[in-house]
Each structure stands twice: as structure tokens, then as C-alpha cells.
Amino acid sequence: MSQILGLKFRDYGQIYYFSSGPYVVKPGDHVLVKTDQGLGMAQVADIPGAPPQELPPEDIKPIYRLANEEDLEAARENEALAREAHRYCRECIRHRELDMKLVDVEVFHDRGKIVFYFTAPGRIDFRELVKDLVKNYHTRIELRQIGVRHETQMLGAIGNCGQICCCRRFMRKFAPVTIKMAKEQNLFLNPTKISGMCGRLLCCLNFEQGNYDAFQRKCPKIGKRLDTSLGAVKILRTNLFRETVSVLTENGEEKELTLAEWQEISSGAPSASTAEAGSGQRAMAEDYLAFPATGDMSPPAPEQAAKNGPPRPKNGPSRQDRPDPRGKRPPKKRFPPRKDDAAANRPAQEHRQGPRKPKSREGSE
């Protein structure tokens, strides 16, 4: 019966899923598989009951065959060749004074290709270096630039926790880590404290972020002012490990409440002062809706209300149809024309119809 195998080509590499086919395989065995790069040797890391859900069944290929003693001997020779190629490539880099750091060398099982992994601050012209490597090993050469996280994954290191880095032990893919995660976890934003051996943010920040998100959904927002049965309080901070919320009361007293206590006071009845203030606001709103807006919240005087009449409905007559409460408007004042305005005193028939000639100015030449 065919089984689903989880294979990895390197100790710290990603796990790929294949089918065992007619072979009986157990964890730790070495098998040969056909890849896009050629024939390769892999080790069985796990035998899951089913492939991952995101992996379509047609992408699961069967293995080529089980590895024998000759294949294992060829693998040991390839490891020796990789160490020798690493030493030779470093000498070539030093000789050509290239600004790059060689990290690791991988030799394929059939020696059809050798991959050199390196890091560099920018783009590197390594065409002459490739010529030297091809001339010495007579096979396909590939130089692949990687990041500092992959460098730490290949070389391995001891983290701040005193254990081997997570990327070396069990991580196969790198998830994005942001400074926002460190802020939400109440960590000191000291680069030496929140950075790993690679100089980037700690990967374990991403591991713990899910617990912090689930806890923050149960807690109020920090810095917000809320009305509770204790009165108006301000949220100061939250504590995941103790599952508490620290608040500041109106009297300036700081209290630390558990989540159960916070749910109790936040869902309880408001205090007397809060209820009185709320009723006053409701009464003021009703008064404001009962009278037309006049710029202030006070109702109009009785004589003014009688003069204005009942309030006009929303869909009532237009402004021109309404009577003017101020009575008849005085006529607009008409000012006579100025005496020195010759154009105004000139009869209409005396106006010139043609173009006006420019006037000569005194003192002009």
C-alpha cells in the first residue's frame, strides 16, 4: 500500500511530500527521487497519514527507488567534494577581491550541478568566478545569493534563550515579523533584545502573537475612557500572564482587575452621577428638538413664541409664501448719481456708438 512520505534533502531544508509507491519505507531511510534539477537523495523525515490540504494530489510524485550502499558511498564522496569546493571558492573570492561571503556548497547526487550559496550587500559581478569554478570542476555551476536569515539557518547558532536557533531546528519557512508585534507584547524596543543572531527581529515574536491577539480581543483598548459601575475609568495596561486589566479611577486610584471582574463592572449599572448626567442630557436633547434652533439651547420667550406662531412643518410652504413676521419691509434707499459723473448726466442719444478715441495726456510727447 502506498504511503505519503515527508522527505528533506538537507538537515535544515524544507520538507517535500512524495508517494512511497511499491516500496516499504520507514523514518530515517534514504531514497532517491527525480526532481527538476536531476536525481537527488533525500531522507525520510516523517510519514504523515495524509498530505497537507493545500497540496493538490496530482503534485505528489512517487519516489524513484530506495538508496543502496553505493548510493550512500556516493553521498559521502559528494560531502567531501562540497567541503573541498567551499575551500577553493573562498580562495578565488579572496584572489579576485569580491565583496561577497560564501556560506555553503551543495553537490547534487549525480554531480550534474554544484550550487554555491553566498551573501553580499549588493549586486556582484561574479562572471570571472564562475569561469574559474567551471574550469576546475567541469560541471554546471550556480551561484545563489541568499539573505541573512537563510545564512543563520544554514550555519546554525545559539539564540538568546540558550538553545539552537528555531530556523535551524524546525523552521522551514520564514514568516514576516514586524515591530508592531514587539509593541503589542510590551517588550522594550531595544534592538539587541528583540533581534536574533541574524540581526533581524526574533522569529519567536511571530510564534506568540496569536496568544496576544486572542487576549487583546477580550480586553478593552489601552488609553480609552469607559463608564463602569465604579464610575469613569481609564485603561492603563493589560497583563497576558496574569490575565488582568489595570485601570485608573476618577479618584486617581489605580486598580488591577481580572478579566472576570472587568466583565462584571463593565456590564453593570452605571453610577448615580453617570445616570443623572445621562438623564440631563436626554432632557436637553428633547428641549432642543421641541423648539427651533436659535443658536442657544434655551426655549424662546412666550411673547416671541406667540409672535412667531406655531413651528413650520418640514415640508411646509416656501420662504416666499410665508408672511414676514417683521411686517412690511421698508423700501430700499436709492442714492442719486454723482454730480461729477458726466456719463450719468449725458442724455442717452448723445452716447457715442463708435470706438472711443484715446485721450491725450498732458505732458506726453
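Is tyrosine 88 buried, partly exposed or exposed? Tyrosine 88 counts as partly exposed, because its relative accessibility is 23% (buried means under 20% relative accessible area, exposed over 50%, partly exposed in between, with a 1.4 Å probe and protein chains only).

A word on the model before the views. This is a predicted model, where local features need pLDDT of at least 70 and side-chain atom pairs count only at pLDDT 80 or more, while totals for chains, interfaces and linings use all residues. Residues are numbered from 1 along each chain as its sequence is written, and side-chain values use heavy atoms, with hydrogens and water left out.

**View 1. The whole chain: 11 helices and 12 strands.** Helices (H or I, at least four residues) and strands (E, at least two) are DSSP runs, numbered from the N terminus. Of the 365 residues of the chain, 27% count as buried. Take the contacts (heavy atoms within 4.5 Å) between residues at least 6 apart in sequence: 52% of them join residues at least 24 apart.

**View 2. Helix H1 packs against helix H2.** Two packed helices are described by the angle between their axes and the distance between the axes. Here H1 (residues 69-96) and H2 (residues 127-137) pack at about 140 degrees, and their axes are 10 Å apart. Axes are lines fitted to C-alpha atoms, for helices over the stretch in contact, and angles run from 0 to 180 degrees between N-to-C directions. On the H1 side you'll find Leu81, Glu84, Ala85, Tyr88, Cys89, Cys92, Ile93 and Arg96, and they meet Glu128, Leu129, Asp132, Leu133, Asn136 and Tyr137 of H2. Sorted by type, the residues of this contact are 9 nonpolar, 1 polar and 4 charged (Ala, Val, Leu, Ile, Met, Phe, Trp, Tyr, Cys and Pro count as nonpolar, Asp, Glu, Lys and Arg as charged, and the others, Gly among them, as polar).

**View 3. Aromatic pairs, of which the structure holds 4.** Rings of Phe, Tyr and Trp (its six-membered ring) pair if their centres lie within 6.5 Å; planes under 30 degrees apart count as stacked, over 60 as edge-to-face and the rest as tilted. The ring centres of tyrosine 88 and tyrosine 137 are 5.9 Å apart and their planes stand at 85 degrees, so this pair is edge-to-face. Tyrosine 88 sits in helix H1 and tyrosine 137 in helix H2, so the pair ties together parts that are 49 residues apart in sequence. Tyrosine 137 counts as buried, at 15% relative accessibility. Another edge-to-face pair is phenylalanine 118 with phenylalanine 126, at 5.8 Å centre to centre and 75 degrees between the planes. Phenylalanine 118 counts as buried, at 1% relative accessibility, while phenylalanine 126 is partly exposed, with a relative accessible area of 24%.

**View 4. An open, antiparallel sheet of 5 strands.** The strand order is E2-E1-E4-E3-E5, and two strands pair if DSSP finds at least two bridges between them. E2 (16-19) and E5 (65-66) stand at the edges with a single partner strand each, so one side of each has no neighbour in the sheet. H1 packs on this sheet and touches E3, E4 and E5; its direction makes about 100 degrees with that of E4. Strands E3 (residues 30-35) and E4 (residues 38-46) run antiparallel and are joined by 6 bridges. Look for lysine 34, which stands opposite leucine 39 in E4.

**View 5. An open sheet of 4 strands, E9-E10-E11-E12, with antiparallel pairing.** E9 (225-228) and E12 (254-258) are the edge strands, each pairing on one side only. From one strand to the next, the twist averages 45 degrees. Helix H8 (residues 259-267) packs on the sheet, touching E9, E10 (231-239), E11 and E12, and its direction makes about 105 degrees with that of E12. E11 (residues 244-248) is joined to E12 by 5 bridges, and valine 247 stands opposite lysine 255 in E12. Serine 246 is also in E11 and is buried, with a relative accessible area of 6%. Neighbours within four places in sequence aside, serine 246 is in contact with Lys234, Ile235, Leu236, Arg237, Glu254, Lys255 and Glu256.

**View 6. Threonine 152 in helix H3 (residues 148-155).** Threonine 152 counts as buried, at 12% relative accessibility. Neighbours within four places in sequence aside, threonine 152 is in contact with Ala157, Cys165, Cys167 and Cys198. Cysteine 198 is 46 residues from threonine 152 in sequence, but their C-alpha atoms are 6.0 Å apart in space.
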